[in-house]
Amino acid sequence: MSTHKSSFPWNHLVGFILSIALTLLAVFIKFKTDFSDTVILWTIGTLAIFQALIQLFMFMHVTEGNEGKINVINIIYSVFLALVIVFGSIWVLTTGHAAH
Amino acid sequence: MTSNTHTPLEYRSHQSQMNILGFWVFLGAEIVLFSTLFASYFVLEHNTAGGPGGSDIFVLKDVMIETFLLLTSSFTAGLAIHSMRNNNRNGLLIWTIITLLLGAGFLYMEINEFLHFIHEGATIQTSGFTAALFTLLGTHGAHVTFGIFWISLLLVQIVKRGITEKTASKFFIASLYWHFLDVVWIFIFTFVYLKGMAI
C-alpha cells in the first residue's frame, strides 16, 4: 500500500455512498411503506447490519494485517456475546420470569 | 500481507501490530458494553411511567442531521488514513480536522437534543425509558467527546513529529475508534430512533 500511491480512495467513496443509501432506505421503509411493525423492524435491522459490515470491511479493514483472522474471530465472538446479552435480557425480563 | 514492503507503516513494528490487535480486542469489549446498554433500553423502553415516550420527543430532522454528520465524519476519518498511507501529511491533517469539526457538530446537535428532551419533560429521572435512553445516548456522546480530545492531541504529535511508524500506528488506532462510534450510532439510529418514532 505505502510503496505505490493509490490515487483515489474508491473503497471509501463506495462505502460512504452505500451507507447514505442504506440510511435513507431505512427512513423510507419506516415512514413511507405500509408493512407491519415487525416486518419494518426486521428490515431496517438488516439494513443496519449491512451498514455496520460496510464500516468494518471498507473503512476499518478488519481483515487487514497479520492478525486479520484473529480480528474477525474476536469481532464475531463479541457480536455473539452482544446478541446473547440483548436477546437474553429481553427474553428473561419480558416473559414473566421476574414475577416469580 | 506477508511481505514487509507492502505493509502499511502502522503495521511495520511488532509492537504496533500488537497495539492494533489489542485495540480490536478493546473494541470487542466495547461491543459488549454497548450491548448491555441496548439490552436495558429494550427492556425498559415501554416503561414511561406516565411521562413522554419516544414518539413524543424524537425529532426526525435532528436525528437525520446527527446521523449525516457522524456518517460523513467516519468517511473523512477514512480519507485521513488514506492520506496517511500515501505519506501525505497535509491531507492527513486537513481530513482529520474536518472529521473533528463534524464530530463537534454532532455533539452540538446532541446536546441541543438533550435540552429539547428535558424541555419536553423527559429528564433522566422521569422514567425507566428516559433513564435507559439518556444512559445509552450519553455513553455514546461521551465516547465522541473523548475521541475529539484524543485525536486533537494526536494532531499535535503529527505536527511535531510527522508521519512515523509510531504516530501512524496511533492514528490508525484512533481511526478504528472513530469508525466504531459510527457503527454504534447506526444501531442507535435504527433501534432507538426509527423504532421509537410514530409513523
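How much of residues 12-33 of chain A is helix, and how far apart are the end C-alpha atoms? Select that span to find out. The chain here is 95% helix and 0% strand. Its end C-alpha atoms are 30 Å apart. Keep in mind that this is a predicted model.

**Chain A: the annotated spans**

Residues 12-33 carry a label in the UniProt record. The unreviewed entry gives "transmembrane region" for residues 12-33, 39-60 and 72-93 of chain A. Colour these spans if you like. Then move to residues 72-93 of chain A. This span is 100% helix and 0% strand. Its end C-alpha atoms lie 31 Å apart.

**Chain A: a surface patch**

Next, select I49(A), F50(A), L53(A) and F57(A), and show their side chains. Together they form a nonpolar patch on the surface. Centre on F57(A), which belongs to helix α2, residues 37-59 of chain A. Is F57(A) buried, partly exposed or exposed? Its relative accessible area is 43%, so F57(A) counts as partly exposed.

Go on to H61(A). This residue sits in the loop between α2 and α3 (68-94) of chain A. Most residues other than glycine have a negative phi. H61(A) has 14% relative accessibility; the cut-off for buried is under 20%, so H61(A) counts as buried.

**Chain B: another positive phi**

Switch to chain B and select A49(B). Where is A49(B)? It lies in the loop between α1 (14-44) and α2 (54-57) of chain B. The phi of A49(B) is also positive, near 50°, and the residue is not glycine. Is A49(B) buried or exposed? With a relative accessible area of 66%, A49(B) is exposed.

Zoom out and show chain B as a cartoon. Six helices and zero strands make up its elements. Read from the N terminus, the order is α-α-α-α-α-α. Along the principal axes, the C-alpha atoms fill a box of roughly 65 × 30 × 25 Å.

Now colour chain B by accessibility. Of its 199 residues, 57% are buried. The accessible surface of chain B comes to about 8,000 Å², and carbon and sulfur atoms hold 66% of it.

Finish with the contacts. Among the chain B contacts with a separation of 6 or more, 81% join residues 24 or more positions apart.

Definitions and conventions. Residues are numbered from 1 along each chain as its sequence is written. Chains are lettered from A and ligands numbered from 1 in the order in which they are written. This is a predicted model: local features need pLDDT of at least 70, side-chain atom pairs count only at pLDDT 80 or more; totals for chains, interfaces and linings use all residues. Side-chain values use heavy atoms; hydrogens and water are left out. UniProt positions are given in the numbering used here, feature names are shortened, and annotations may be inferred rather than shown by experiment. Helices (H or I, at least four residues) and strands (E, at least two) are DSSP runs, numbered from the N terminus. Patches are made of residues with over 30% relative accessible area and no salt bridge: like charges are joined within 9 Å, nonpolar side chains (Val, Leu, Ile, Met, Phe, Trp, Tyr) within 5 Å. Accessible areas come from the Shrake-Rupley method with a 1.4 Å probe; for residues, only the protein chains shown count as cover. A salt bridge is a side-chain nitrogen of Lys or Arg within 4 Å of a carboxyl oxygen of Asp or Glu. Buried means under 20% relative accessible area, exposed over 50%, partly exposed in between (1.4 Å probe, protein chains only). Contact means heavy atoms within 4.5 Å.
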